[in-house]
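Please examine the sequence and the coordinates together before reading on. The briefing is arranged by topic.

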Amino acid sequence: MAEGPTNCEENARWYVMRVTYQRELIAKKILDESGIESFVPMRTTKKLLSNGRTTQKKESALHNYIFIHSTKESIDDIKLHRIPWLRYVMHNADNGERRKMCVPDKQMYDFIAIAGSDDEKVTYLSHDEAALAVGDMVRIKNGPFKGIEGKFIKLKNIRGKSVVVRIDGLTAVATATIPARFVEKISETKN
């Protein structure tokens with residue numbers, strides 16, 4: 001599984017995009033209306049009200065970021081005509097050149113499977129937290145995340161081990177703890 005961003009080609013790819021002023025859900029709605037696939041990782045937060053009750057609210061887990069599966073031409077068109085505050089996230093390629101950040105399909109669908117799940121408790125990690133993780137590449141064999149590939153690591157302050165799917169330079173998402181018998185070691189390959 002590729003750990004870093006890939007070179008974006010002319011075909012539809014998962015582009016990592018930024019929006020201003022936490023308008024990622026507005027951008028997603030516009031993209032949905034335009035028939036363009038997108039993903040905004042969400043999480044449920046609890047807030048204590050002044051009357052002592054608590055309320056739950058769904059909010060973006062990565063403020064100002066949205067993942068868009070489309071061609072560069074389609075994204076450029078929607079940026080020009082409907083979402084002028086949408087920006088490409090750039091990264092430095094191996095040759096030092098600045099490129100638009102894309103995520104390989106398999107890695108993105110694994111990320112969506114974990115980050116989009118309401119069934120399991122997930123933990124979002126900063127890029128720095130995920131970069132410090134050392135472990136084997138694994139594939140989950142059983143359960144709701146069967147087929148997901150990621151790093152098998154021990155997270156701080158959590159019992160057991162988790163599988164982490166990383167989007168380098170941006171974020172990572174970790175499953176709830178998972179028994180070692182539910183994973184199999186795989187070799188790391190580039191997509």
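This is a predicted model: local features need pLDDT of at least 70, side-chain atom pairs count only at pLDDT 80 or more; totals for chains, interfaces and linings use all residues.

Residues are numbered from 1 along each chain as its sequence is written, and side-chain values use heavy atoms, with hydrogens and water left out.

**Overall make-up**

- The protein chain contains four helices and 15 strands; helices (H or I, at least four residues) and strands (E, at least two) are DSSP runs, numbered from the N terminus.
- Of its 191 residues, 43% count as buried, where buried means under 20% relative accessible area, exposed over 50%, and partly exposed in between (1.4 Å probe, protein chains only).
- Among contacts (heavy atoms within 4.5 Å) between residues at least 6 apart in sequence, 66% join residues at least 24 apart.
- The chain exposes about 10800 Å², of which carbon and sulfur atoms supply 48%; accessible areas come from the Shrake-Rupley method with a 1.4 Å probe, and for residues only the protein chains shown count as cover.

**Helix α1**

- Helix α1 spans residues 24–33, and its residues E24, A27, I30 and L31 are buried.
- These four residues lie on the same side of α1 because they cover an arc of only 120° around the axis, the arc being that of the directions from the helix axis to the C-beta atoms.
- K29 and E33 are exposed on the face of α1 turned away from its buried side.
- The packing partners of the buried α1 residues are β1 (13–19), β2 (37–39), β4 (54–60), β5 (65–70) and α2 (72–81).

**Nonpolar cores**

- A nonpolar core is a set of buried Ala, Val, Leu, Ile, Met, Phe, Trp, Tyr and Cys residues joined through side-chain atoms within 4.5 Å.
- The largest such core has 28 residues, and V16, F39, F67, M108, F111 and I167 are those with the most contacts inside it.
- At least two residues of this core come from each of β1, β5, α3 (105–115), β11 (136–140) and β13 (162–167).
- Helix α3 gives the largest share of this core, five residues.
- A second, separate core of 17 residues includes V19, L31, W85 and Y88.
- Leaving aside residues up to four places away in sequence, I167 touches F67, M101, V103, Q107, M108 and F111.

- Strand β13 is largely enclosed by the rest of the structure, because six of its six residues are buried.
- Both of its faces are covered, with S162, V164 and R166 buried on one side and V163, V165 and I167 buried on the other.
- In a regular strand the side chains alternate between the two faces of the sheet.
- β13 pairs with β12 (residues 149–153) in the antiparallel sense over three bridges; two strands pair if DSSP finds at least two bridges between them.
- Opposite V164 in β13 stands K151.
- β13 also pairs with β14 (residues 171–174), in the antiparallel sense over four bridges, and A172 in β14 is the bridge partner of R166.
- The hairpin of β13 and β14 has three residues between the strands, and G169 there takes a positive phi near 80°.

**Selected loop and strand residues**

- Most residues other than glycine have a negative phi, and most peptide bonds are trans.
- Q22, in the loop between β1 and α1, has a positive phi near 55° although it is a residue other than glycine; Q22 counts as partly exposed at 49% relative accessibility.
- N64, in the loop between β4 and β5, likewise is not glycine and has a positive phi, near 75°; N64 counts as buried at 16% relative accessibility.
- N51 lies in the loop between β3 (42–48) and β4 and is exposed, with a relative accessible area of 56%.
- A polar atom of the N51 side chain lies 3.0 Å from the backbone nitrogen of R53.
- S70 belongs to strand β5 and counts as buried at 8% relative accessibility.
- Not counting residues up to four places away in sequence, S70 touches N11, A12, R13, Y15, I36 and I75.

Notes. A polar contact is a pair of N or O atoms within 3.5 Å; within protein, one must be able to donate a hydrogen and the other to accept it, and residues adjacent in sequence count only if both atoms are side-chain atoms.
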